[in-house]
Amino acid sequence: MAIKIGITGGIGSGKSMVSHLLQVMGVPVYISDVEAKRLMCSDSFIRKKLQALLGKEIYCGSTLNKQLLASYLFADPEHARIINDIVHPCVRENFIQWVHHHSNAKIVGIESAILIEAGFTNEVDLIVMIYAPEELRISRAIRRDVSSRELIEKRIQSQMDDEKKREYADFVITNDDNTPLISQILNLIKSLYETTDCTSEK
């Protein structure tokens, strides 16, 4: 049985970079944001629920009307919870199936910005938080998303505070452009492999 790690962190922290490096090092990683978007288009349950909520125009054939969805999400903070309640159970079930398909791996990961908020903590064995100073996160996100500082700050405020995330984290990786990143990931993998080896010996 693979050790399941949850990879989380706020916007601009560098979750995607860490997930990519883990994949390069042989650790399969389920990218929940990508899979959620795929399921919103392909899963019949989600399609029916979104159409009942937002009307048939939420889809154009097999394509999701992202503009309509975004306008609904930004209209009221409660709307995000409604959408998440539709999508997250399907993502959770899909992740369970994905883990089963990767049963030969010693370690697998799931990347999610809202891993804790979405209740995925029960689906993983430990949580890895990617940390970066807020000002650095803002500048990264502005460059990446070609967005305004105001919008990025609003997105940060809507996410769980970093210090709160730390309370859940079993392992913290610092991604501040000064602390070597690869050595931290290698240390994480080494400690996890040692855990699996010890478990298999019992």
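Q: Is phenylalanine 95 buried or exposed in this model?

A: The model is a predicted one. A residue counts as buried when its relative accessible area is under 20%. Phenylalanine 95 has a value of 1%, so this residue is buried.

Q: How are the rings of phenylalanine 95 and tryptophan 98 arranged?

A: For a pair of rings, one reads the distance between the centres and the angle between the planes; planes under 30 degrees apart count as stacked. Here the centres of phenylalanine 95 and tryptophan 98 are 5.9 Å apart and the planes stand at 20°, so this pair is stacked. The two residues are 3 apart in helix 5, a separation of about one helical turn. Tryptophan 98 is buried, as is phenylalanine 95.

Q: How many aromatic pairs does the structure hold?

A: There are 3 aromatic pairs. One of them joins tyrosine 30 and phenylalanine 95 in an edge-to-face arrangement, with 5.3 Å from centre to centre and 65° between the planes. Tyrosine 30 belongs to strand 2 (residues 29-31) and phenylalanine 95 to helix 5 (residues 77-101), so their pair ties together parts that lie 65 residues apart in sequence. Tyrosine 30 is buried, with a relative accessible area of 2%. Through ring pairs, Tyr30, Phe95 and Trp98 are linked into a cluster.

Q: Which charged residues sit over rings?

A: Here one looks for a charged end placed over the face of a ring. Arginine 92 has its charged end over the ring of phenylalanine 120, at 4.7 Å from the ring centre. Arginine 166 lies over the face of tyrosine 131, and the distance to that ring centre is 4.6 Å.

Q: Which residues of helix 2 are buried, and where do they fall around the axis?

A: In helix 2 (residues 32-42), the buried residues include Ser32, Glu35, Ala36, Leu39 and Met40. Viewed down the helix axis, the buried residues fall within an arc of 140°, so they line one face of helix 2.

Q: Where does valine 146 lie, and what is its phi?

A: Valine 146 is in the loop between helix 6 (134-145) and helix 7 (149-158). Its phi is near 45°, a positive value in a residue other than glycine. Valine 146 is exposed, at a relative accessible area of 75%.

Q: What is the phi of aspartate 177?

A: Aspartate 177 is not a glycine, yet its phi is positive, at about 70°. This residue lies in the loop between strand 7 (171-174) and helix 9 (181-201). With 57% relative accessibility, aspartate 177 counts as exposed.

Terms used
Residues numbered from 1 in each chain as written. Predicted model: local features only at pLDDT ≥ 70, side-chain atom pairs only at ≥ 80, totals over all residues. Heavy atoms only, no water. Phe/Tyr/Trp six-rings, centres within 6.5 Å; stacked < 30°, edge-to-face > 60°. Helix = DSSP H or I, 4+ residues; strand = E, 2+ residues; numbered from the N terminus. Buried < 20%, exposed > 50% of the residue type's maximum accessible area, 1.4 Å probe, protein only. Lys NZ or Arg CZ within 6 Å of the ring centre and 35° of its normal. Arc of directions from axis to C-beta.
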